[in-house]
2 protein chains.
Amino acid sequence: MTLLDDVLRRETRACARLLRWIDDGLPEARTILKQIYRNTGKAFIIGVTGNPGAGKSTLTDRLIGRFRAAGKTVAVVAVDPSSPFSGGAILGDRIRMQEHATDEGVFIRSFATRGHLGGLTSTTSDVVHALDAMGWDLILVETVGVGQDEVEVQRLAHTTMVVMAPGMGDEIQAIKAGILEIADIFVVNKADREGADRTVNELKMMLDMGFVPSVETQHHGPVALAAESKQPRVTPGGWVTKIIKTIATNGTGLDDLVTAIAEHRKAYELAATDPEFVRSRLRQEFIDIYRRTLFTHGWSYLMHEDHLNQVIDRLVDRSSDPYSLAEQTVAALGRG
Amino acid sequence: MTLLDDVLRRETRACARLLRWIDDGLPEARTILKQIYRNTGKAFIIGVTGNPGAGKSTLTDRLIGRFRAAGKTVAVVAVDPSSPFSGGAILGDRIRMQEHATDEGVFIRSFATRGHLGGLTSTTSDVVHALDAMGWDLILVETVGVGQDEVEVQRLAHTTMVVMAPGMGDEIQAIKAGILEIADIFVVNKADREGADRTVNELKMMLDMGFVPSVETQHHGPVALAAESKQPRVTPGGWVTKIIKTIATNGTGLDDLVTAIAEHRKAYELAATDPEFVRSRLRQEFIDIYRRTLFTHGWSYLMHEDHLNQVIDRLVDRSSDPYSLAEQTVAALGRG
């Protein structure tokens with residue numbers, strides 16, 4: 001297992017290969033992931049989410065600078081599910097890569113998730129596990145929006161920042177998308193723009209209206225796995241969501257933001273001394289991986305020996321119904 | 001099986017009970033669904049989607065009137081996933097119910113899907129199957145937005161209308177959400193408002209920019225089931241998306257809309273003489289039901305005999321990794 005050793009030694013080409021394997025969904029990637037899982041759990045993972053144009057990338061760049069100055073190594077994973085053709089993330093990536101090209105303590109990688117209406121089920125959490133095992137101190141995960149895949153990615157994060165810009169209608173968007181429930185820190189970026197204080201006040205009002213994040217986010221009773229995997233992430237109890245104003249382009253507010261992240265990290269680490277908190281986090285992590293495994297195996301089985309076409313034949317000639325056929329297929333899964 | 005017979009005779013209380021069973025996710029509902037599936041396939045299903053405030057409900061009411069005047073029975077299913085507490089759909093429902101209270105040819109039912117960030121995996125398609133089997137001529141399915149669940153529901157529809165109102169920023173929303181791919185007919189409602197023509201022109205431009213719906217929406221190769229179930233619906237090839245201006249409150253444009261629906265229905269029925277088209281539709285239907293069955297069984301197994309807690313124990317003491325445990329659980333599913 002040379003690749004495994006090379007990955008753990010953080011050898012650049014081996015790491016790149018593993019991430020490509022994960023992105024391509026190769027079974028070989030899973031084999032490695034199983035083996036390196038024991039090396040995970042050391043990195044601190046920061047989620048950065050928000051609408052396009054809010055200034056996430058510039059803010060992330062500034063944070064890289066701060067963390068590097070503090071002697072930490074930083075890996076950035078950017079997920080742009082908006083379009084396989086936009087190339088927005090990839091372009092930004094190139095520019096940012098150049099800036100940090102000579103710094104071996106920085107790793108930046110973009111993934112443009114494919115597919116219609118929300119992309120493939122995320123393999124980004126696998127990428128984050130891999131980077132964690134490779135020994136990066138800090139992992140920043142940049143995502144757009146709050147689709148199923150993005151929620152799953154943000155649930156991996158220890159601290160999640162939601163970045164907004166004034167006057168973009170983000171406020172309403174936030175309520176609609178349930179983004180309130182995932183933010184540990186709201187960043188109102190481009191704070192020199194008109195309407196910045198209004199945005200801050202609207203956020204404050206919404207937070208005052210009674211949303212309190214807590215560990216008590218587990219469903220009980222016979223709910224479907226789908227609903228379970230849509231639960232908000234488990235966050236430290238008692239943490240009060242902070243709102244920070246920044247102007248990423250000139251560094252204004254960066255000190256406050258770095259302090260807020262450090263405070264949340266402390267709160268997180270304190271919470272993590274509670275075994276129940278740890279169990280809740282592991283529970284979510286497992287359910288996400290289980291859901292993806294179900295999908296992958298379920299699909300493979302359907303494709304195996306033309307099984308799907310045989311099912312459709314029986315639906316066409318009306319000799320069975322899709323409910324019975326689905327149950328028979330699931331029952332056959334484990335035996336196959 | 002008295003309930004079964006009563007449902008097929010469209011006995012009001014039996015029908016209400018079955019729909020409640022479906023909504024509550026009772027296994028008994030599945031038993032009935034399997035048996036009545038042979039009676040489905042007769043109703044024409046119309047999807048109505050769009051943002052809150054676009055005027056979907058008023059438009060639906062007008063359409064009910066038109067279809068009733070043409071001697072058709074009409075069932076309406078409204079799904080409001082925005083909030084379990086909003087009660088918006090339920091309230092509207094009550095008002096609408098009264099209007100049609102004396103008309104046995106009209107059935108209206110709202111479902112407020114529960115859960116965070118997008119609700120439970122939809123059982124609405126089961127509701128539509130049940131109504132179809134009950135013998136309603138037309139089934140209108142009203143949904144908000146284009147989350148995974150709503151896309152699944154719209155894929156059941158033979159004709160899908162996307163309702164917009166000028167000046168609500170819906171245009172941009174449409175591109176972002178991939179809603180273009182599901183619309184057979186765009187309705188620009190509240191057409192007396194400023195900006196209506198601009199909205200129409202923007203839609204025309206977007207449609208001219210080259211989006212052509214077609215049967216060729218199937219993925220090939222080893223993609224995950226998740227991506228598959230996010231594919232746009234199979235629509236009749238060659239259909240050119242229509243844009244209709246309406247003012248639902250006073251009935252303006254309703255004739256055009258009814259004509260457009262009739263035209264699309266003809267196109268659909270022509271397409272449905274092609275066995276490959278029928279197979280593609282059945283394929284999507286099966287994959288959606290299969291995905292839900294996987295979820296339900298996968299979750300039941302996890303809850304069975306405290307299995308999930310045993311998995312978490314092994315993650316806590318780091319004696320295994322979540323990837324291996326997920327695979328072992330999936331493998332055990334069929335045997336269990």
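When I say two strands pair, I mean DSSP finds at least two bridges between them. And the labels themselves are DSSP runs numbered from the N terminus: helices are H or I with at least four residues, strands are E with at least two. If you want one spot to look at, find A:Ala75, which stands opposite A:Phe107 in S3(A).

Quick housekeeping: this is a predicted model, so local features need pLDDT of at least 70, side-chain atom pairs count only at pLDDT 80 or more, and totals for chains, interfaces and linings use all residues. Residues are numbered from 1 along each chain as its sequence is written, while chains are lettered from A and ligands numbered from 1 in the order in which they are written.

Now zoom out. In chain A, seven strands make an open sheet with parallel pairing, in the order S3-S2-S4-S1-S5-S6-S7. Its edge strands are S3 (106-111) and S7 (242-245) of chain A, each pairing on one side only. From one strand to the next, the twist averages 20°. Angles here run from 0 to 180 degrees between N-to-C directions, and axes are lines fitted to C-alpha atoms, for helices over the stretch in contact.

Over to chain B. Its open sheet has seven strands in the order S3-S2-S4-S1-S5-S6-S7, with parallel pairing. S3 (106-111) and S7 (242-245) of chain B each have a single partner strand, so one side of each is left without a neighbour in the sheet. Helix H9 (residues 196-208) of chain B packs on the sheet, touching S5, S6 (185-188) and S7 of chain B, and its direction makes about 175° with that of S7(B). Touching, or being in contact, is about residues whose C-beta atoms, placed from the backbone, lie within 7 Å.

Which strands does S1(B) bridge to? One is S4(B), residues 138-143, joined by six bridges and running parallel. There, B:Phe44 stands opposite B:Leu138, and B:Val48 stands opposite B:Glu142. Another is S5(B), residues 159-164, parallel again, with four bridges; B:Ile46 has B:Thr159 as its bridge partner there.

And is S1(B) mostly covered or open? Mostly covered: five of its six residues, 44-49, are buried. Buried means 20 or more other C-beta atoms within 10 Å of the residue's own, with C-beta atoms placed from the backbone.

Last stop, the helices of chain B. The axes of H2(B), residues 12-24, and H3(B) come within 7 Å and cross at roughly 120°. That makes the two helices oblique to each other, oblique being whatever is left after under 35 degrees (roughly parallel), over 145 (roughly antiparallel) and 65 to 115 (roughly perpendicular). B:Leu18, B:Trp21 and B:Ile22 in H2(B) meet B:Glu28, B:Ala29 and B:Ile32 in H3(B).

H3(B), residues 27-36, also packs with H6(B), residues 124-134, at about 45°, with the axes 10 Å apart. H3(B) and H6(B) are therefore oblique as well. On the H3(B) side you'll find B:Ala29, B:Leu33 and B:Ile36, meeting B:Asp126, B:His129, B:Ala130 and B:Ala133 in H6(B).

That's my tour, thanks!

Terms used. Buried ≥ 20, exposed ≤ 12 C-beta atoms within 10 Å, placed from the backbone. Contact = placed C-beta atoms within 7 Å.
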